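Please keep the sequence and the model open as you read.

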Amino acid sequence: MKYERVAITEKAIEVLNQLKSAHGNLIFHQSGGCCDGSSPMILEEADMYLDDSDILLGQLDGVNYYMNQDQFAYWKHTHLTVDITPGRGSSFSLEIPLGLRFIIHSRLLTEEENSVLNK
Amino acid sequence: MSYAKPKFKEKYGNFINGAFVAPVGGTYFDNHSPVDNSLIAQYPRSNNNDIDNAVAAANAAKDAWGNTSVTERAALLNKVADLIEANLEEFALVETCDNGKPIRETLNADIPLAIDHWRYFAAVIRAEEGSATELDANTLSMNIKEPLGVVAQIIPWNFPLLMLSWKLPPALAAGNCVILKPAEQTPSTATLLMEKIGHLFPPGVINVVHGFGPEAGKPLASHSGIDKVAFTGETTTGQLIMQYASKNINPVTMELGGKSPNIFFNSVMDQDDAFLDKAIEGAVLFAFNQGEVCTCPSRLLIQEDIYDAFLARVIERTNAIVQANPYDTSTMLGAQASNDQYEKILSYINIGKEEGAKVLTGGNACKLDGDLANGFYIQPTILEGHNKMRIFQEEIFGPVLAVTKFKDEAEAIAMANDTLYGLGAGVWTRDAHQLYQIPRAIKAGRVWVNCYHAYPAHAPFGGYKKSGFGRETHLMMMNHYRQTKNMLISYDKNKLGFF
């Protein structure tokens with residue numbers, strides 16, 4: 001059985017599709033720190049410089065989900081589900097003009113998931 | 001005493017080139033109050049055309065402004081301070097409406113501190129001097145500080161007027177023209193400020209452009225017509241802004257948040273006196289500003305032999321927090337700034353519970369009555385766990401405290417530094433050695449010693465590690481907005497003799 005670190009809700013996929021047709025190739029990057037920190041940012045793929053320090057957590061409807069390795073060290077025991085909520089972020093994340101904000105719901109990985117994903 | 005929601009116009013403009021103007025694209029966004037989710041007003045949904053206009057206005061103004069005397073600039077900054085002070089109650093009320101924080105805080109902290117930062121930088125430029133060194137009998141090295149030119153500033157929503165007042169005065173004092181983008185959640189006090197002070201400055205010196213990050217913030221941060229970006233926010237946007245700045249070889253300063261430890265050594269409980277009372281309040285300051293502070297003391301570390309006794313007092317004090325109508329002067333805890341913050345905080349409380357943290361108090365949304373039922377309120381919450389949990393590692397930006405115990409000094413220091421960030425920290429002790437040695441061992445830009453959450457002008461504030469770089473609220477910030485012109489002058493009449 002294949003285990004995943006990240007998932008996305010149907011409602012969030014609808015918004016993702018809207019953004020894909022407006023902006024082309026996208027990525028999620030998990031932010032940290034102040035204000036809108038700890039929220040996922042959706043960005044044009046070409047906009048963000050990524051390297052080996054960005055861990056690919058998975059793919060959501062064709063969109064890669066990255067997190068910096070330092071942050072990943074504290075997050076890797078949890079499973080993330082991307083959802084969407086009405087709101088007003090203040091970052092460069094592309095859904096903000098829609099009056100919506102991607103948000104993360106987290107749960108612990110099960111022992112089985114953990115043994116496969118974090119072996 | 002209770003205030004009512006202030007009156008607003010139906011819509012507002014950007015402030016560009018000395019006047020309020022409609023956005024080029026003609027579109028606006030609705031700004032709501034987190035107090036009750038009611039409409040405040042419409043603000044410009046600006047795009048790259050508005051940014052171009054603001055950058056052009058600032059560039060047209062920069063030479064004349066950069067050559068004004070420090071006497072003139074200081075006088076203007078003092079006038080701004082006087083005008084905010086003369087309208088303190090109006091600014092406080094608008095801030096409470098826009099951000100959701102209690103009126104008690106805006107009247108006594110946000111606005112008075114904002115005023116003082118303008119006065120501080122007015123004073124600084126009258127007192128500081130350049131330098132000159134005689135390198136040898138005929139050679140003088142003279143350092144003259146020159147403004148960078150045009151500065152972009154992107155500020156957050158947690159202390160809207162105060163963050164503006166951390167950024168605008170040093171940039172203006174240094175002789176720069178500014179394009180400021182307030183956060184889209186809280187555009188109101190920046191607009192009110194320009195209504196009050198816009199006429200004081202030559203057109204183009206201060207420009208305020210509203211809008212969303214991807215549509216207005218990004219074109220501003222990446223614009224080739226600016227000379228520096230100052231940003232307060234989170235790490236992903238921080239990285240993006242640094243990337244854009246790298247294309248223009250522009251300097252940046254970054255303040256990107258933290259996960260600040262607040263450490264209590266056993267000696268705080270040696271006596272049950274005024275100091276212990278102060279220490280308990282110091283631990284409860286996690287709830288200040290609904291926890292929406294980059295330096296929120298959100299990790300409470302207590303020495304194990306006083307853990308139960310001290311924590312009991314902290315819980316008791318937390319349970320006495322009055323969470324009610326933000327317009328009431330007796331209210332201590334108001335609304336979170338937006339729905340997405342509210343949802344995010346609740347989601348963190350959930351993962352805390354999932355990870356095995358124990359809820360000691362709070363742990364839920366707070367439902368207030370009447371119109372306030374539509375606002376975004378969260379109970380002050382204390383979660384007991386360990387330092388590797390996500391609630392101990394991520395900035396929740398809510399009234400949520402994560403508490404754990406430590407054995408000795410070494411473990412306290414190790415836990416304090418086991419974080420990606422290094423913005424603030426608190427150390428509480430009666431031990432004279434710990435008072436110096438523990439703060440020195442903590443990797444953070446600001447360590448409060450036997451106090452917390454004080455933000456006076458004249459004490460530098462900024463981060464270590466992923467919290468960013470640059471030092472605000474101090475003379476040091478002036479140099480982040482200036483070039484150094486070195487004039488190397490020879491008074492020797494004789495040639496080198498090489499050619």
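This is a predicted model: local features need pLDDT of at least 70, side-chain atom pairs count only at pLDDT 80 or more; totals for chains, interfaces and linings use all residues.

Residues are numbered from 1 along each chain as its sequence is written, chains are lettered from A and ligands numbered from 1 in the order in which they are written, and side-chain values use heavy atoms, with hydrogens and water left out. Helices (H or I, at least four residues) and strands (E, at least two) are DSSP runs, numbered from the N terminus.

Back to our pair. The axes of α2(B) and α5(B) come within 10 Å and cross at roughly 165°, the axes being lines fitted to C-alpha atoms, for helices over the stretch in contact, with angles from 0 to 180 degrees between N-to-C directions. That makes α2(B) roughly antiparallel to α5(B) (angles under 35 degrees count as roughly parallel, over 145 as roughly antiparallel, 65 to 115 as roughly perpendicular and the rest as oblique). On the α2(B) side, Arg73(B), Leu77(B) and Ile84(B) make the contact (heavy atoms within 4.5 Å), and their partners in α5(B) are Leu161(B), Pro169(B), Leu172(B) and Ala173(B). By class, this contact has six nonpolar residues, no polar ones and one charged. Here Ala, Val, Leu, Ile, Met, Phe, Trp, Tyr, Cys and Pro count as nonpolar, Asp, Glu, Lys and Arg as charged, and the others, Gly among them, as polar.

How does α2(B) pass α4(B), in a left-handed or a right-handed crossing? This one is left-handed. The axes of α2 (residues 70-86) and α4 (residues 103-127) of chain B come within 8 Å and cross at roughly 165°, and the two helices are therefore roughly antiparallel to each other. Among the residues of α2(B) that meet α4(B) are Arg73(B), Leu77(B) and Ile84(B), and those from α4(B) include Ile111(B), Trp118(B) and Phe121(B). The residues of this contact divide into 12 nonpolar, two polar and five charged.

Helix α4(B) also leads us to the largest pocket, giving the largest share of its lining, six residues. A pocket is defined on a 1 Å grid over the protein atoms alone, as an open set of points with protein on both sides within 12 Å along at least five of seven lines, whereas a cavity is a set of points where a 1.4 Å probe fits but cannot get out; lining residues have an atom within 4 Å of a point. About 570 Å³ of space lies in the largest pocket, where a volume is the space filled by probe spheres set on the points, and grid points are joined across faces, edges and corners. Of its 28 lining residues, Arg104(B), Glu105(B), Leu285(B), Ala287(B) and Phe288(B) lie nearest the centre. Helices α4, α5 (160-173) and α9 (274-284) of chain B each supply at least two residues of this lining, which by class has 18 nonpolar, four polar and six charged residues.

The second largest pocket has a volume of about 320 Å³. Its lining takes at least two residues from each of β2 (26-30) of chain A and α8 (235-247) and β21 (468-469) of chain B, with α8(B) giving the most, six residues. This lining divides into six nonpolar, 10 polar and two charged residues.

Definitions and conventions
A crossing is left-handed if the near helix is turned anticlockwise from the far one by less than a right angle, and right-handed if clockwise.
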